[in-house]
Amino acid sequence: MENNSYEYSRKVMKDVSLQELRDRLAEFAKVRGWDQYHSPRNLLLALVGEVGELSEIFQWKGEVARGLPNWTSDDKEHLEEELSDVLLYLVQLADVCGLDLGQAALTKILKNAQKYPITKPT
Ligand SMILES: Nc1ccn([C@H]2C[C@H](O)[C@@H](COP(=O)(O)OP(=O)(O)OP(=O)(O)O)O2)c(=O)n1
């Protein structure tokens with residue numbers, strides 16, 4: 001059963017897993033009859049569109065300090081939403097491709113560590 005409450009997402013789900021997001025998104029699409037539109041290609045295009053919306057937030061701002069110290073709470077909330085849209089489409093894309101995104105990402109981190117070993121300063 002879907003639960004859309006903002007309270008639920010903010011307070012109950014303190015620790016969110018990719019599997020939880022995947023399952024909730026699959027339910028979201030299913031109850032709306034949207035599975036038919038959620039092909040890998042369509043989800044990829046939707047993902048790219050959201051990356052564009054995310055980029056717009058930073059467009060023309062110049063360099064931005066870590067932690068976004070001068071941003072308003074509205075700006076930060078907007079950023080949270082666009083980052084989430086990107087994540088949610090990415091999770092759905094991996095799902096309809098039949099891939100385990102969490103495991104794949106962990107494996108990639110291990111590969112990255114082998115490719116870029118820690119070097120001690122001389
Ligand atoms: N067919 C769809 C349509 C939407 N969503 C979900 C995933 C995103 O989290 C969000 C995207 O919704 P919108 O297309 O309304 O995009 P925005 O939220 O960015 O709204 P806007 O483009 O008006 O800023 O909804 C989805 O899973 N499948």
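Reply: Helix 2 is followed by G33, which has a positive phi near 70 degrees. Please bear in mind that the model is predicted.

Me: How far apart are the end C-alpha atoms of helix 2, and what should its residues span?
Reply: Helix 2 covers residues 18–31, and at 1.5 Å a residue its 14 residues should span 20 Å. Its end C-alpha atoms are 20 Å apart, so the two values agree.

Me: And at what angle do helix 2 and helix 4 cross?
Reply: They cross at roughly 85 degrees, and their axes come within 9 Å. Angles of 65 to 115 degrees count as roughly perpendicular, and helix 2 and helix 4 are therefore roughly perpendicular to each other.

Me: Which residues make that contact?
Reply: Helix 2 contributes L18, L21, R22, L25 and A26, while helix 4 contributes L88, V91, Q92 and D95. By class, the contact of helix 2 with helix 4 has six nonpolar residues, one polar and two charged.

Me: Changing topic: how do helix 3 and helix 4 pack?
Reply: Helix 3 (residues 40–58) packs against helix 4 (residues 73–96) at about 160 degrees, with the axes 9 Å apart. That angle makes helix 3 roughly antiparallel to helix 4. The crossing of helix 3 past helix 4 is left-handed.

Me: What takes part on each side?
Reply: On helix 3, the contact residues include L43, L47, E50, V51 and L54. On helix 4, among them are L79, L83, V86, L90 and L93. The contact of helix 3 with helix 4 divides into 15 nonpolar, two polar and four charged residues.

Me: Now the ligand. What surrounds it?
Reply: W34, Y37, E53, D85, L88 and Y89 surround the ligand. Four of the shell residues are nonpolar, none is polar and two are charged.

Me: Which element supplies the largest share of that shell?
Reply: Helix 4 does, with three residues. L88, in the shell around the ligand, also belongs to the contact of helix 4 with helix 2.

Notes. Residues are numbered from 1 along each chain as its sequence is written. This is a predicted model: local features need pLDDT of at least 70, side-chain atom pairs count only at pLDDT 80 or more; totals for chains, interfaces and linings use all residues. Axes are lines fitted to C-alpha atoms, for helices over the stretch in contact, and angles run from 0 to 180 degrees between N-to-C directions. Helices (H or I, at least four residues) and strands (E, at least two) are DSSP runs, numbered from the N terminus. Angles under 35 degrees count as roughly parallel, over 145 as roughly antiparallel, 65 to 115 as roughly perpendicular and the rest as oblique. A crossing is left-handed if the near helix is turned anticlockwise from the far one by less than a right angle, and right-handed if clockwise. Two residues are in contact if their C-beta atoms, placed from the backbone, lie within 7 Å. Ala, Val, Leu, Ile, Met, Phe, Trp, Tyr, Cys and Pro count as nonpolar, Asp, Glu, Lys and Arg as charged, and the others, Gly among them, as polar. A residue is near a molecule or strand if its C-beta atom, placed from the backbone, lies within 6 Å of it. The expected span of a helix is 1.5 Å times one less than its number of residues.
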